[in-house]
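Hi everyone, thanks for coming.

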Amino acid sequence: MANRLLPEWYPQDAVQLTWPSPDSDWAPLFERIEATMETIVVAIARYQPVLIAVPDESLRHELIQRFVRLGVEASRLHLYSAEADDTWTRDHGPIAVERNGAITLLDYVFTGWGGKFEAQRDNRLTQCLAAAGAYACPVERRNIVLEGGAIESDGAGTLLTTEACLLNPNRNPQLDREALEALLAADFGIKRVLWLANGHLEGDDTDSHIDTLARFCDPATIAYVRCDDESDPHYQALAAMEAELKAFRRADGEPYRLIPLPWPQPCFDPEDGHRLPATYANFLIVNSAVLVPVYGDAADTRALMALGEAFPGRDIVPIDCTSVIRQHGSLHCLTMQLPQGSLNTARQQGVSTCPVS
């Protein structure tokens, strides 16, 4: 039974999101993050449906009305009431594989990035949505820890990831590199893994998720963050990461086409002054478009132009993510694509019945 970890540019049924709760860590920024989420949903809905897990029934009804008033077609709204701890769907959402021509969603254990944050409700969310009938394909539970933001697939048997995350003892301490690669091969049909030993962002809680650093744009192209400020504390690690990317080879032995993404000016939390993980690598690919996080920075335009070069023929859509990085994530972290064949289009809403883990 052959599995294939689908690339993000594979045709999609929808993008899944988790709506913030006013009693979560977003409480001080709740109005701002809701406005940002609205912008993201409206942008995605221009191209395809959205599946949203909403904290409760009253808010679910309110959001449907709100999005219809904002011009979203009701047929593109799939909203389900289901409790969550936070909004980072990329990491608690399902990971899709193609198996003998059909889609299966794999539901990995989510522990709040190695136990840093409460995650029990997040860890149950995929099962809740499956029980509510949100998906049109099988959902299989896995007993290892893995987050979607930690892996990048070219769709042809190559996985790109970081040692700092996947080999971190706070994830799967029982697995060494060889054992982990064997599991990735079994679940995803991976033939080889490209491991980055360098690269990080200050303020990142994920232990260097690959989707903050380097991304496949097609099987031959990688877009990556490059720091050109020698006085910046990131400079040496990102220069070392760039050297690693230049040394990587495709399966056919050719070097990758590398597209550097600009480095925004440092962003700091206005409350306590710690650095925030602003990155243009945290873009989202949807049908016919790429949504790109921007930060009100002079480098925004250069980032949009670089990704326009990486994705010819797709709309390039900027999304202001200055509120999102306040909680140490960005655009891609909030979302998970659901490939063609995974969304239950016969159902658009419901109250999930969460199994007890």
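**Rings, charges and a pair of helices**

Let's begin with Arg215: its charged end sits over the ring of Phe283, 4.3 Å from the ring centre. Do keep in mind that we are looking at a predicted model.

How many aromatic pairs does the structure hold? There are 8. One of them joins Phe110 and Trp113: the ring centres are 5.2 Å apart and the planes stand at 85°, over the 60 degrees needed, so we call this pair edge-to-face. Ring pairs also bring in Phe117, which gives a cluster of Phe110, Trp113 and Phe117.

Are Phe110 and Trp113 buried or exposed? Buried means under 20% relative accessible area. Phe110 has 4%, so it counts as buried, and Trp113, with 7%, is buried as well.

Finally, please find two helices: H1, covering residues 30–45, and H2, covering residues 57–69. We describe two packed helices by the angle between their axes and by the distance between those axes. For H1 and H2 the angle is about 55° and the axes are 12 Å apart. The two helices are therefore oblique to each other, and their crossing is right-handed. Which residues make the contact? On the H1 side they are Glu34, Glu38, Val41 and Val42, and H2 brings Leu59, Arg66 and Phe67.

Notes
Residues numbered from 1 in each chain as written. Predicted model: local features only at pLDDT ≥ 70, side-chain atom pairs only at ≥ 80, totals over all residues. Heavy atoms only, no water. Phe/Tyr/Trp six-rings, centres within 6.5 Å; stacked < 30°, edge-to-face > 60°. Buried < 20%, exposed > 50% of the residue type's maximum accessible area, 1.4 Å probe, protein only. Lys NZ or Arg CZ within 6 Å of the ring centre and 35° of its normal. Axes fitted to C-alpha atoms, helices over the stretch in contact; angles between N-to-C directions. Helix = DSSP H or I, 4+ residues; strand = E, 2+ residues; numbered from the N terminus. Parallel < 35°, antiparallel > 145°, perpendicular 65-115°, else oblique. Left-handed = near helix turned anticlockwise from the far one by under 90°. Contact = heavy atoms within 4.5 Å.
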